Amino acid sequence: MNFRHTADYRYANIWLRMRINGPDKKEVVERQEFQLALPDGEWLGKGSGGFYSYQLIYKEKYKFKTKGKYTFTVEQNMRDNPLTGISDVGLRIEEAE
């Protein structure tokens, strides 16, 4: 998952709710935490001009059970709504080895 936030983001982590809908029409919902900073507040991402970028691993060596179209929905699952300081979120899918 590609993720980017500004220096104004107030938390050391983020909780995301992932929804995956596959060709079998069954929805899978998972909640996952991603660490963004060390306990001392140092950001773990690469910083540039007030933005911090991450490549977070959501699933590793995962294989889809069925061929077809999958829809992914990413929702923030933090207490603040709206959640400020988030710039970009995106998915990158690579072929498993």
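Hi everyone. Helices (H or I, at least four residues) and strands (E, at least two) are DSSP runs, numbered from the N terminus. By that count, this chain has 0 helices and 7 strands, and its elements read β-β-β-β-β-β-β from the N terminus on.

Before the details, some housekeeping. This is a predicted model, where local features need pLDDT of at least 70 and side-chain atom pairs count only at pLDDT 80 or more, while totals for chains, interfaces and linings use all residues. Residues are numbered from 1 along each chain as its sequence is written, and side-chain values use heavy atoms, with hydrogens and water left out.

Now the overall picture. The C-alpha trace spans about 45 × 30 × 20 Å along its principal axes. Of the 97 residues in the chain, 24% are buried; buried means under 20% relative accessible area, exposed over 50%, and partly exposed in between, with a 1.4 Å probe and protein chains only. Contact means heavy atoms within 4.5 Å. Among contacts with a separation of 6 or more, 65% are between residues 24 or more positions apart.

Let's look at strands E2 and E3. They run antiparallel and are joined by 9 bridges; two strands pair if DSSP finds at least two bridges between them. Asn 13 stands opposite Gln 35 in E3. The two strands form a hairpin with 5 residues between them, and Lys 25 in the turn has a positive phi of about 70 degrees.

Staying with E2, that strand also holds Met 18. Is Met 18 buried or exposed? It counts as buried, because its relative accessibility is 1%. Leaving out residues up to four places away in sequence, Met 18 touches Met 1, Val 28, Val 29, Glu 30, Tyr 58, Thr 73, Val 74 and Leu 91.

In soluble globular proteins, nonpolar side chains tend to be buried together. Here, the largest nonpolar core has 16 residues, and those with the most contacts inside it are Tyr 9, Ile 14, Leu 36 and Leu 56. E2 gives the largest share of this core, 4 residues. For the record, a nonpolar core is a set of buried Ala, Val, Leu, Ile, Met, Phe, Trp, Tyr and Cys residues joined through side-chain atoms within 4.5 Å. What does Leu 36 contact, leaving aside its neighbours within four places in sequence? Its partners include Phe 3, Tyr 9, Ile 14, Trp 43, Tyr 54 and Leu 56.

Tyr 9 brings me to the aromatics. The structure holds 7 aromatic pairs. Rings of Phe, Tyr and Trp (its six-membered ring) pair if their centres lie within 6.5 Å; planes under 30 degrees apart count as stacked, over 60 as edge-to-face and the rest as tilted. Tyr 9 and Trp 43 have ring centres 6.4 Å apart and planes at 45 degrees, so this pair is tilted. It links distant parts of the chain, 34 residues apart: Tyr 9 is in the loop between E1 (2–6) and E2 (13–21), and Trp 43 is in the loop between E3 (27–35) and E4 (46–48). Both partners are buried, Tyr 9 at 4% and Trp 43 at 18% relative accessibility. Phe 64 and Tyr 70 form another tilted pair, 4.5 Å centre to centre with 45 degrees between the planes. Here Phe 64 is partly exposed at 35%, and Tyr 70 is partly exposed at 22%. There is also one aromatic cluster formed by Tyr 9, Tyr 11, Trp 43 and Tyr 52.

Two rings have a charge over them, which requires NZ of Lys or CZ of Arg within 6 Å of the ring centre and within 35 degrees of the ring normal. Arg 4 lies over the face of Phe 51, at 4.6 Å from the ring centre, and Lys 59 lies over the face of Tyr 58, at 5.2 Å.

Finally, two loop residues. Asn 77, between E6 (71–76) and E7 (86–90), counts as buried at 18%. Its side chain makes a polar contact with the side chain of Arg 31 (2.3 Å). A polar contact is a pair of N or O atoms within 3.5 Å; within protein, one must be able to donate a hydrogen and the other to accept it, and residues adjacent in sequence count only if both atoms are side-chain atoms.

Gly 50 sits in the loop between E4 and E5 (51–55) and is partly exposed at 36%. Gly 50 and Ala 7 are 43 residues apart in sequence and 5.4 Å apart in space, C-alpha to C-alpha. Thanks, everyone!
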